[in-house]
Amino acid sequence: MLKFQEQDSPNKSNTDIHIYKSGENLTLRQKEQQILSYRFGTMYPPEGVDPLFKRSGFIHPLWSPGGEVLTRVQAPDHYHHYGIWGPWTLTHINDRKVDFWNLYEGQGTVKFAGFLSETTGSVFSGFRALQQHIDFGAKGEDQIAINEILDVRAWNIHDGVRIIDYTTILNTPLPNGIMLDAYRYGGGIGFRATEKWTKDNSTVLTSEGKTRIDADGSNARWCIVEGESEVQEGRSGILFLSHPLNRAHPEPMRVWPLDANGGRGDMFFEFTPIRHRSWELQKGSNYILKYRMIVFDGKIDKEAAEMYWNSFAATPEIKIDSKK
């Protein structure tokens, strides 16, 4: 059950989540606590790095309730990693391969194209943004291969965690559609974790009992990704939830092995709906993927994870708390 704040009292309005725009970022805040920033301006790579790595339309930073930054962008080992994001990797437009993930290939990218709506209220606050997957290899001018509506909502709860919904609605304007080929990376929701997390201080646990050792390539309803942090509790993390209506649910995952990045074991997680089976997007149809992130400090056990997933999977019961 999710508990929300009512907005009738001026004293309670202070707990509402508000939207702030500064420079090239949209940030959700509750009081003075930052929840997440969505980068709508183009972020360029460091000087001396190929400008093909530039990108817009991603979440970074994502903060834990205690203020720990959990995301990372433009890591030197993967300049194309952008916090929380979900481009498609191996795709085909007719007989031509297009990669929107590995930006250095120069075949495609994803860019912010405008805000469709912004919502603030006592129950949730968030935004809807149009993101365009751009194909660089078309004859003539670059073309839009996929239009994506990204719907992000932060729920105004008071349970000591953050609940953030991440919904993506896809459609293609291409006459012959686009094929999202089966591959270990691509789409869904990807998470490049803070550089603090390595194989020595971070863990993974899935709904099927898999860990960092054997989670990669397996399917799950939920996955806890957590590690050491500087908050009072000493740990922070994200519980990722896949909605039962998602394609290929329980959803396949990409989890970096313990020896990733020369043995450091940096953390990368992704729900990957095309991991084992290709997906054809046809013109005129909408395709929806729904995820929820439970952002926490301390620990979340499997019983709590099941509770949160059941709440997400079913119609939630909403209780309005009001002071007499």
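**Terms and values**

Colleague: The charged end of Arg221 is placed over the ring of Trp309, at 4.8 Å from the ring centre. What makes Arg221 count as sitting over the ring?

Modeller: A charge sits over a ring if NZ of Lys or CZ of Arg is within 6 Å of the ring centre and within 35 degrees of the ring normal. The 4.8 Å for Arg221 and Trp309 is within the 6 Å limit. Arg29 also lies over a ring face, that of Tyr20, 4.7 Å from the ring centre.

Colleague: What should I know about the model itself?

Modeller: It is a predicted model, in which local features need pLDDT of at least 70 and side-chain atom pairs count only at pLDDT 80 or more, while totals for chains, interfaces and linings use all residues. Residues are numbered from 1 along each chain as its sequence is written, and side-chain values use heavy atoms, with hydrogens and water left out.

Colleague: Why is Asn156 called buried?

Modeller: Buried means under 20% relative accessible area, exposed means over 50%, and partly exposed is in between (1.4 Å probe, protein chains only). Asn156 has a relative accessible area of 0%, so it is buried. Asn156 belongs to the loop between strand 13 (143–155) and strand 14 (162–171); strands here are DSSP runs of E of at least two residues, helices are runs of H or I of at least four, and both are numbered from the N terminus.

Colleague: Which side chain has a polar contact with that of Asn156?

Modeller: That of Asp16, at 3.4 Å. A polar contact is a pair of N or O atoms within 3.5 Å; within protein, one must be able to donate a hydrogen and the other to accept it, and residues adjacent in sequence count only if both atoms are side-chain atoms. The 3.4 Å falls within that limit.

Colleague: Why is the pair of Phe40 and Phe115 called edge-to-face?

Modeller: Rings of Phe, Tyr and Trp (its six-membered ring) pair if their centres lie within 6.5 Å; planes under 30 degrees apart count as stacked, over 60 as edge-to-face and the rest as tilted. The whole structure has 25 aromatic pairs. For Phe40 and Phe115 the centres are 5.4 Å apart and the planes stand at 75°, so the pair is edge-to-face. Phe40 is in the loop between strand 4 (33–39) and strand 5 (58–62) and Phe115 is in strand 11 (residues 108–119), so the pair ties together parts 75 residues apart in sequence. Phe115 is partly exposed, because its 23% lies between the two cut-offs.

Colleague: How are the rings of Trp88 and Trp279 arranged?

Modeller: Their centres are 6.0 Å apart and their planes are at 75°, so this pair is edge-to-face. Trp88 is in the loop between strand 8 (84–85) and strand 9 (91–93) and Trp279 in strand 23 (residues 279–281), so parts 191 residues apart in sequence are tied together. Trp88 and Trp279 are both buried. Elsewhere, ring pairs link Trp85, Trp101, Tyr183, Tyr185, Trp256 and Phe268 into a cluster.

Colleague: What makes strand 3 and strand 4 a pair?

Modeller: Two strands pair if DSSP finds at least two bridges between them. Strand 3 (residues 25–30) and strand 4 have six, and they run antiparallel. Arg29 has Gln34 in strand 4 as its bridge partner. The two strands form a hairpin with two residues between them, and Lys31 in the turn has a positive phi of about 55°. Strand 4 also pairs with strand 5 in the antiparallel sense, over three bridges.

Colleague: Why is strand 4 said to be mostly covered?

Modeller: Five of its seven residues are buried.

Colleague: What makes strand 11 and strand 17 the edges of the eight-stranded sheet?

Modeller: The open sheet has the order 11-12-13-14-24-20-19-17, paired antiparallel. Strand 11 and strand 17 (202–206) each have a single partner strand, so one side of each lacks a neighbour in the sheet. Inside it, strand 13 and strand 14 pair over eight bridges, and Val152 has Tyr166 in strand 14 as its bridge partner.

Colleague: Which strands are at the edges of the four-stranded sheet?

Modeller: This open sheet has the order 10-9-15-23, with antiparallel pairing. Its edges are strand 10 (96–98) and strand 23, each pairing on one side only. Strand 9 and strand 10 pair over three bridges, and Ile93 has Arg96 in strand 10 as its bridge partner.
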